[in-house]
Structure formats: structure tokens, C-alpha cells
Amino acid sequence: MNVDNLESPYNDLVKAAVKVKDKAYCPYSNFHVGAAILTSNDQIFTGVNVENASYGLCVCAERVAIMNAVSQGHKEFKAMAVCCDIKDSFKAPCGACRQVFAEFNLNMDFYMVKPDYTSKKITVGELLPMAFTPASLQEERV
Ligand code: THU
């Protein structure tokens, strides 16, 4: 699927992820990642990966985008787009980020985007089958 075939705001979402990638702070991996998330009222928030000399503190672009949106009052999301430096294949998000997506919406569309703006869509539920979600905590206990 090419970004040119996507309707706005999905087109804008993909473009935002590609553009923000250049702002990644990744001096250790030199692996730039840009993420953009679309709220239920069609606002877009972005994020980049932010690394640290204490390597374990690195934070992925996807989670930075979500923290950015949540901290500005949003918690209903329709879609996310993520772009990294890989040229010839679509890269799926890490496991930690999948769990953070599942907190908000298993039906959220996730666009894996290449730097040439081509994209491939999958849902969070497909990325994380049998997810542990807020609903899990509501079930009857012993
Ligand atoms: N990274 C992301 O930002 N998102 C992912 O889905 C996978 C990995 C970042 C973390 C680290 O800064 C760099 O990419 C290399 O792992």
C-alpha cells in the first residue's frame, strides 16, 4: 500500500511519522524512529526514540508519541504510524510498545511505514494476541 492511496488524516499521519524521524535522539544505535498517533478527534501527536548513555533507559518513539498525546489530555486513539531507517522491509514494533498500545485500543490500526512512504497496516490485536488489558483486571477473582 502506498501513502498516496491513503485518505487524510491517515495520509497526514504517515507523513508526520516520516518527517519526525529526523528528530530522533539516537547517538548509540544510530537507528532513527519516528511515530505519529491519531486521536479519535483527528489530532496527531508525534514522538521519536530518545536514547541514554545508560542504555536500558532508551525509550521507543511509539511510547513517546503516546505519552505526548496522553499528557495533553487524549486517551482514545484510532491509528498509529511508525517509520524507521530500514529501506526494504516493514518493521514491526517492539513487545513493550505493543503492551502499551493494548492499554488503549486493541482495534487501533498500526501503519508500518518505510522512508519512501509506502506502508503496511495491521491492528494492535494482531500484533499482540491474547493481550493483558485493563479489562483483565475487572474479571472475577478467587
Ligand atoms: N525503537 C523504537 O523507537 N521503536 C521500536 O519499535 C523498536 C526500537 C528504538 C529503540 C532504540 O532507540 C533504537 O530503536 C534501537 O533499538
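## Basis of the model

Residues are numbered from 1 along each chain as its sequence is written, and side-chain values use heavy atoms, with hydrogens and water left out. Because the model is predicted, local features need pLDDT of at least 70 and side-chain atom pairs count only at pLDDT 80 or more, while totals for chains, interfaces and linings use all residues.

## The ligand and its shell

Around the ligand stand S29, F31, V33, N49, E51, C60, A61, E62, P93 and C94, each with a heavy atom within 4 Å of the ligand. This shell divides into six nonpolar, two polar and two charged residues, where Ala, Val, Leu, Ile, Met, Phe, Trp, Tyr, Cys and Pro count as nonpolar, Asp, Glu, Lys and Arg as charged, and the others, Gly among them, as polar.

## Polar contacts and cover

Polar contacts here are pairs of N or O atoms within 3.5 Å. A polar side-chain atom of E62 lies 2.6 Å from an oxygen atom of the ligand, and a polar backbone atom of A61 is 2.9 Å from an oxygen atom of the ligand; for a polar backbone atom of C94, the distance to a ligand oxygen atom is 3.3 Å. Taken alone, the ligand exposes 370 Å², of which the protein buries 75%, with areas from the Shrake-Rupley method and a 1.4 Å probe.

## Residue K15

K15 belongs to helix α1, residues 10–20, helices being DSSP runs (H or I) of at least four residues. The C-alpha atoms of K15 and V113 are separated by 9.2 Å, although these residues are 98 residues apart along the chain.

Key
Polar contact = N/O pair within 3.5 Å; in protein donor to acceptor, adjacent residues only side chain to side chain. Helix = DSSP H or I, 4+ residues; strand = E, 2+ residues; numbered from the N terminus.
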